[in-house]
Amino acid sequence: MATDALRLHTAAKWQRAFERLNGAQPGIQGLLSFSEAWKVASDFLHPRDINDPGSIKTHDMQQVRAAFDLIGKAKMLSMLLENFLDDMRKQQYLVEREVRQYLEEYETTNQVDSVMQLIFRLVAWYNAWKPIAELGPTILSAYTLAFQTHIFSIFPPSFSRGFKELIASTFDLVNTSCPPPWAIPRDLPPTEQPPRPDYMLWTACETLGLLDRYESLISSVCYEHIEAHVYETCAKKWDEPMLPKLREWMTEEIVPWMIMPYARGARNAEEARTMLQGVGSRFDYHACKTLCDLRIQEIFDIIIDYPDSQSALQDLKVASSRPGLEDFGMMVNRVRGRLQECLQRVDQRSQLVVTLRKANKKRLLHPGADTKDILTQYVSIIRCLRIIDPPGVLLYKVADPIRKYLRERPDTIRCIVASLVGDGESGDSLVDENEPIQPLQQMQADDYNDPNWEPEPIDAGPDFRTNKPSDVISTLVSIYDSKDLFVKELQVLLTQRLLAVKDGNYERERRNIEILKIRFGEAALQVCEVMLRDMTDSRRIDQHVQAQKPMPLHPTIISRHFWPPLQTNSFTMPGQFREIQESYAREFHLFKPDKRLHWLSHLGTIKLDIELQDRTITAEVPPLEASIVELFSQKDTWTVDELVAELKSVEKTAILKSLTTWIDLGVLKEEAESRYKLLEIAEATPSGSKAPTRSVPVVEEPTPALTIQQQQAEQMRVYWKFIEGMLTNLGSLPLARIQTMLKFAPGYDRTIEQLAEFMEAARREGLVMVKDGMWKLCR
Amino acid sequence: MDQIMSSLAPRGGVSTKPATGGAAGESGGSVTKRLSNELMTLMMSSSPGISAFPRSDSNLFDWVGTIEGPAGTVYAGLKFKISIVFPPNYPMSPPAIKFDSPCYHPNVDINGGGICLDILQDKWSAVYSVQTILLSLQSLLGEPNNASPLNPDAAAIWDNAEQFKVQLMKHYRPIADDVTE
């Protein structure tokens, strides 16, 4: 029974199918005409070889349309389409062959022309095989999809490369007045001129669906183009703001280019703008970011060039701020608007910090760099980063390693102090001349009543404080925890400078002190005041003493307690010098009975006229030199050992040096080794003519005051005595015990870490040894 | 007057104790200062063979000293530890000094370490200092006062250097390194 039912069912189906094909025609008339129509249609649709002119037939479009109509009525269009696509698949080898041929050509010549021609050729194929529009969009899109799928599948890897190059070449294409021959399909009628040089190219690409498929490639080409432009035009160019120029370039070059790939369909400017907005802001962002990256890479050199590189910093500031969308709208309109301040920030700040820290570490914070240079660069960094980031978060992050490093450098304070008082010789002072002199700013606690309080920036670290000292000097001084160190170093510096003044003009120093008083406060500089007053008092006292009894000696009288320790390797002047000193001291004692002079004979200079038998020599020399020549006036020949014995407490090397001075002046002669003789009659020298009287300035710059380091070394020597004492008597001691016992040493203020370092140094010198944490003396 | 004096006397007597205590407390500052200065002087002077230092950082009145025997004597190359305890009224009274290391010497008690030296007793003067004491002790080693010996045996054989040396070395104990408290 089932078979019957099945048979019936099949029969019914057959009948239905037949009726569908046959229509209402009598007999098989309909069927015949359908098969005729099918034949016409499939023959029309058959994908042909366009290279073979014989295969191209002309069809009677009337007949073709009727045929399609009939097939459509019979609802067999889908069958027809399937059949057509099948045929297409069979003919694909034709296309594939050409693709391979063109790309081989491209690979050998590397000319984008081949790629372009290939694309035009593919368009030709596509158009040749395209079903007529009457078949409806469904069939057309099915065909397009099949065709595109197919060509994408046969593109070899070299196509992407070629295509990318082709797109890159379009940037130049936009600006040419008429398109080069390769950018136009060969079969284009010469009358038909494309509206733009690159128009044909883009339409061809769109026809083939290349724009959608290679969208990311196209935008990456544009990114690369922007990058190349930025690197080419902006690298190392810091003296003018580049960002406006860059934006201008974007408006003039990139936006016109963008219209083709991104806004072909736009009917008016308004529409174009809407279409371009998204991608445009991406490109604009990219331009900013590239510039930003470039500047960050260059930041160290930019800072070195500051203030000439100010424009670059402005760029960095603006570029690191993303423009708003309306800003881009203005660009499309070719309205060059004012660059707006940031709405959102590009996340480049951390990048900047990392790069700058790395550069500082590599190029700045190493033993080869001069402390002065480091300070100068630090100050520039302060100024530069304040331009980029006024709240100072970046500065805080970048400056930290520099400050740590500077703290470890022994001469940092001296450099800062030297620049504080405007050391004339170095030329460029750290302090800006125009910056007002103001008191040092101390760290302030947050003001909880401030109505304008703002939270700290989002990327500020936990240690960050908004109200930090803002002027450069305060920042430098705040490297150290206290300003006492500065004041001490200042005294040493002032000592050197005051003692170097010869003409009695202390105005400069007075001015400096006044400036420093504003910065450090009156109290801190009281000692300096005394020092300065000593200098003027000395002159007054000297005038008085000279009035009583004229003397060729003009001492500077200093109050020992207010001056930093001076070098103490003094010696007693021989002969007439001592007499002069003594008689001066007597006069001084009469004038100031409660005071006594203690001579520092090694400081100062003496102007001498040395009268010899045949000549007189005038020289201005340090006291030691004078003493030696004085000794030679007592006796013609001296050995070095005799001189050492005579002058006492003077080092042999110093004596030898002084002797050399006189030999150079032709006063003495080394007779034998370590034996010197006075030349009463000048010896004929190879140079022959020596002026009978000559003045040779043999004044070297002595450093009268002990530097802070020397003072510290001196202190450490005292502490060592104590350590030696305790280890001698108490046997071996742990470090902590030594530290507590050192409180017996006057003024001991070292940390246990410093002590450990010191002990370690002593161990290296073989003075002590350590075992199980117990230190003992080496015997 | 006598009455007044006598009536005052007991009160004065009673009040002496706290008064002296107070005086000691007052003078404590100056004594400490004097001792600190002496320590500083001693540390900075480089007298060979003598040295001393407070035993601990909490008490400046208790010192440990080290004396090396002077060259050219039987004591040459030997080291002796001494302890120095300063009285609260130092330098009005001399410090109490004794040898911690056994020292075979005519003027040193071999058992207790007591020393017979005039400047530590009746000849004491406030101008002396730790440094002068140590120097005197050092020279005492080479030049004993055999007239008033604390150790008669040692005094008896002093003139016989060889025999003395044997006895000396019999009693001598080299200083160990870790003799801290």
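This is a predicted model: local features need pLDDT of at least 70, side-chain atom pairs count only at pLDDT 80 or more; totals for chains, interfaces and linings use all residues.

Mentor: The bend in α4(A) is about 45°, and it is found at A:Gln91. Now take the length of this helix. Helix α4 of chain A covers residues 77-109, which is 33 residues, and at 1.5 Å a residue it should span 48 Å. The C-alpha atoms at its ends are 46 Å apart, which agrees with that expectation. After α4(A) comes A:Asn110, a residue with a positive phi, near 60°.

From the helix we can go on to the nonpolar cores. The largest nonpolar core has 85 residues, and A:Ile119, A:Phe155, A:Phe163 and A:Leu210 are those with the most contacts inside it. Two domains of chain A, domain 1 (24-155) and domain 2 (167-347), both give residues to this core, so it lies between them. As for A:Leu210, the residues that it touches, leaving aside those up to four places away in sequence, are A:Ile119, A:Phe152, A:Phe155, A:Phe159, A:Phe163 and A:Cys205. Another core, of 66 residues, lies apart from the largest one. Among its residues are A:Leu755, B:Leu35, B:Val64 and B:Ile82.

Next come the aromatic rings. A pair of aromatic rings is described by two values, the distance of the centres and the angle of the planes. With rings counted as paired if their centres lie within 6.5 Å, there are 26 aromatic pairs over all chains. One of them joins A:Phe159 and A:Tyr214; the pair is tilted, with 5.8 Å from centre to centre and 55° between the planes. This pair links distant parts of the chain, since A:Phe159 is in helix α7 (residues 158-175) and A:Tyr214 is in the loop between α9 (210-213) and α10 (215-234), 55 residues apart. A residue counts as buried under 20% relative accessible area. A:Phe159 has 0% and is therefore buried; A:Tyr214, at 11%, counts as buried too.

A:Tyr214 also forms a tilted aromatic pair with A:Phe163, at 5.2 Å centre to centre and 45° between the planes. Here again distant parts of the chain are linked: A:Phe163 is in helix α7 of chain A, and 51 residues separate it from A:Tyr214 in the loop between α9 and α10. A:Phe163 has a relative accessibility of 0%, so it counts as buried.

Chain B has a cluster linked by ring pairs, made up of B:Tyr75, B:Phe80, B:Phe99, B:Tyr104, B:Trp158, B:Phe164 and B:Tyr172.

Definitions and conventions
Residues are numbered from 1 along each chain as its sequence is written. Chains are lettered from A and ligands numbered from 1 in the order in which they are written. Side-chain values use heavy atoms; hydrogens and water are left out. A nonpolar core is a set of buried Ala, Val, Leu, Ile, Met, Phe, Trp, Tyr and Cys residues joined through side-chain atoms within 4.5 Å. Buried means under 20% relative accessible area, exposed over 50%, partly exposed in between (1.4 Å probe, protein chains only). Domain bounds come from an automatic or database domain assignment. Contact means heavy atoms within 4.5 Å. Helices (H or I, at least four residues) and strands (E, at least two) are DSSP runs, numbered from the N terminus. The expected span of a helix is 1.5 Å times one less than its number of residues. The bend at a residue is the angle between axes fitted to the seven residues ending there and the seven starting there. Rings of Phe, Tyr and Trp (its six-membered ring) pair if their centres lie within 6.5 Å; planes under 30 degrees apart count as stacked, over 60 as edge-to-face and the rest as tilted.
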